[in-house]
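Okay, hi everyone, thanks for coming. Let me put the structure up, and then I'll walk you through it.

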Amino acid sequence: MKWTKYLIQTLRENPGDAEIDSHKLMVRAGLIKKMAGGLYTYLPLGMRALRKVQQIVREEMDRAGAQEIVMPILQPAELWKESGRWESMGPNMFKVKDRASHDYALAPTAEEAVTDVIRGIVSSYRQLPCTVYQIQWKFRDEIRPRFGLMRSKEFLMKDAYSFDVSMEAADASYMAMFNAYKKVFARCGLNAVPVEADTGDIGGKFSHEFHVLADAGEDGIAACECGYAANLEKAERKVQGAECGVHAVECGEIEKISTPNAKTIEEISKFMGEEPSQFVKTLVYVADGKTILCCVPGDYEVNEIKLKHLLDVKSLELAAPAIVEETTGAAVGFAGPVGAKVPVYADSSLEGAKGMIVGGNETDVHLKNVDLARDTKIEKFADLVIVRDGDICPKCGRPMKIKRGIEVGHVFKLGRKYTDAMKGVYKTNELKEETMIMGCYGIGVSRTMQAVIEQRHDKDGIIWPASVAPFQVVIENLDADKAEVTAVADELEAKLESAGIDVIVDDRAERPGVKFKDADLIGFPVRVVVGAKGLANGGVEIKRRDQDKSQTKIVAPADAFEAIKAALA
Ligand code: ATP
Ligand code: MG
């Protein structure tokens, strides 16, 4: 492939809307081009990298025994209504009508569609287990599409679905995918870690996300040396019983203190000269229409996902000011558990806490010397906080670290959620009808491609691993107007191509500096320089993108092919 014949546009300037390095680099290297918010064209270079990621995914899925299918993106509303997700997906789902006014969804995922396919084919236990997958475009009306392909409205996803006769068999299907994912990400040159995850909208029993650790990641992960790793949505901590307040000390009677205008924990702790951990933070929520209070230590935030699970409700939101006032009899900022008129749920670390300062349920008033056991009625103590750096690992007791991660893959054990709702059944060998057990497994293919760049770049550009690079080798022909130089470059190109190595020859009449800058920006793993001057001195230059200049090798043209192969290995 010749550069002058190829659609490449590199840019010196960062795009104005790009916040993270990988997004900037993808646009500058000419991999993608923005069409509108969250919508991108994959240019030839980007398309090549995307197809390589796809191919790795495909090979590992096939190897794990999954079978490739393709289902429609445009899916009839009826299927989504069967599971109840036509409503519950909310505004995240793009909905369209055909000319006869029939409703359709642009698939954001495909559990319903695949259950429909499989229930129409599988009737006997003999046909199970069965895992199918597709690599297909997905659509989500994200609230904030951003970071390029990381969170776009249209993206390429590999989604696989397993169907099994029992929970144990489903565990085996889950593990097969789990292990395949490890191989996929390793082959893409990514350091991706599996972390325990919440099951979100899809529901089901248990799940892991695969995260690429990077500062630009949108998710927080609690990780411990012992191997425990969990998304902050789900991460637990070990409570030792003395996290907050003065558990061990007897406290006197409750004292009212005037705290004018001190509403937030920060304001009140400054006002009183006490540590935030000495306070109880009380939030008013409306859960499925009922008002409740949630108490956590002053230096922690409520984990609303945990609270939602504890209450077993569909909807949970912070109460509007009017409801807060009605519930507490005070302005927003002074809610507390003492004398509460609605059920109070509190974080486990508050069990036994004494000497606490809490909101007084009276405007501009806080209460001191609160002994939670003595002075409050707590409906239930449970783990309700977002874990913080240094919190104790629930598995081994050592302190955990909080890291940032990009979710590139997700494996769920769904159980019977969809097969119950949609009658995905089979007959056992005793001809008894049973519901199939399902699992679902997603990889964000386009997000994975960008995650590679986020994890592998320097100030000059992308550093592709050979496995997913758009071209593995760039040959810089510095004297494309000289027949003898071009002959060497072209011969090398032909040899590499016939060995199945992707190569592009930069045959532009640009200054070497410009050509090298572009090569570094796009990030071809190996750069070969062929020029009249070099050849006169007996050689071509070979340099790996991930090594510096001092490691450049100069070899005779006849040895170049082997040297390039070695550099790629
Ligand atoms: P997120 O939490 O990042 O919104 P999700 O948990 O909603 O993602 P899943 O339903 O698990 O996503 O989808 C499977 C995979 O698809 C994700 O692991 C992610 O890699 C990818 N993905 C999801 N949403 C997007 C998006 N808007 N743009 C690009 N990739 C996405
Ligand atoms: Mg997910």
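Let's start at ligand 1, which has 14 residues around it, and the nearest are Arg140, Glu142, Arg151, Ser152 and Glu407. By "around" I mean that a residue has a heavy atom within 4 Å of the molecule. Before I go on, a word on the ground rules: this is a predicted model, where local features need pLDDT of at least 70 and side-chain atom pairs count only at pLDDT 80 or more, while totals for chains, interfaces and linings use all residues. Residues are numbered from 1 along each chain as its sequence is written, chains are lettered from A and ligands numbered from 1 in the order in which they are written, and side-chain values use heavy atoms, with hydrogens and water left out.

So what kinds of residues make up that shell? By class, there are five nonpolar, four polar and five charged residues around ligand 1. For the classes, Ala, Val, Leu, Ile, Met, Phe, Trp, Tyr, Cys and Pro are nonpolar, Asp, Glu, Lys and Arg are charged, and the others, Gly among them, are polar.

And where in the fold do they come from? Strand S8 (154–164) and strand S21 (401–415) each give at least two residues to the shell, and S21 has the largest share, with four. Helices here are DSSP runs of H or I with at least four residues, strands are runs of E with at least two, and both are numbered from the N terminus.

Now the polar contacts, meaning pairs of N or O atoms within 3.5 Å; within protein, one must be able to donate a hydrogen and the other to accept it, and residues adjacent in sequence count only if both atoms are side-chain atoms. The side chain of Arg140 has an N or O atom 2.9 Å from an oxygen of ligand 1. For Arg447, a polar side-chain atom sits 3.0 Å from a ligand 1 oxygen, and for His410 that distance is 3.1 Å. On its own, ligand 1 has 580 Å² of accessible area, and the protein covers 85% of it. Those areas come from the Shrake-Rupley method with a 1.4 Å probe, and for residues only the protein chains shown count as cover.

Next up is the metal. Which residues hold the magnesium ion, ligand 2? The protein donors are Glu407 (OE) and His410 (ND1), at 2.2 to 2.3 Å. A donor is an N, O or S atom within 2.8 Å of the metal (3.2 Å for Na, K and Ca), and water is not among the atoms, so sites may look incomplete.

Let's stay with those two for a second. Is His410 buried or exposed? His410 is buried, at 11% relative accessible area, whereas Glu407 is partly exposed at 22%. The cut-offs are under 20% for buried, over 50% for exposed, and partly exposed in between, with a 1.4 Å probe and protein chains only. His410 belongs to strand S21, and its side chain also makes a polar contact of 3.0 Å with the side chain of Ser207.

Ser152 is buried, at 2% relative accessibility, and a polar atom of its side chain lies 3.1 Å from the backbone oxygen of Glu154.

Most residues other than glycine have a negative phi, and most peptide bonds are trans. But Leu128 and Pro129 are joined by a cis peptide bond, with omega about 0°. Asp364, not a glycine, has a positive phi of about 65°, and Asp364 sits in the loop between strand S18 (356–359) and strand S19 (365–370). Asn369 has a positive phi too, near 60°, and lies in strand S19.

Finally, zooming out: the protein has 16 helices and 31 strands, and 51% of its 569 residues count as buried. Its C-alpha atoms fill a box of roughly 95 × 70 × 50 Å along the principal axes.
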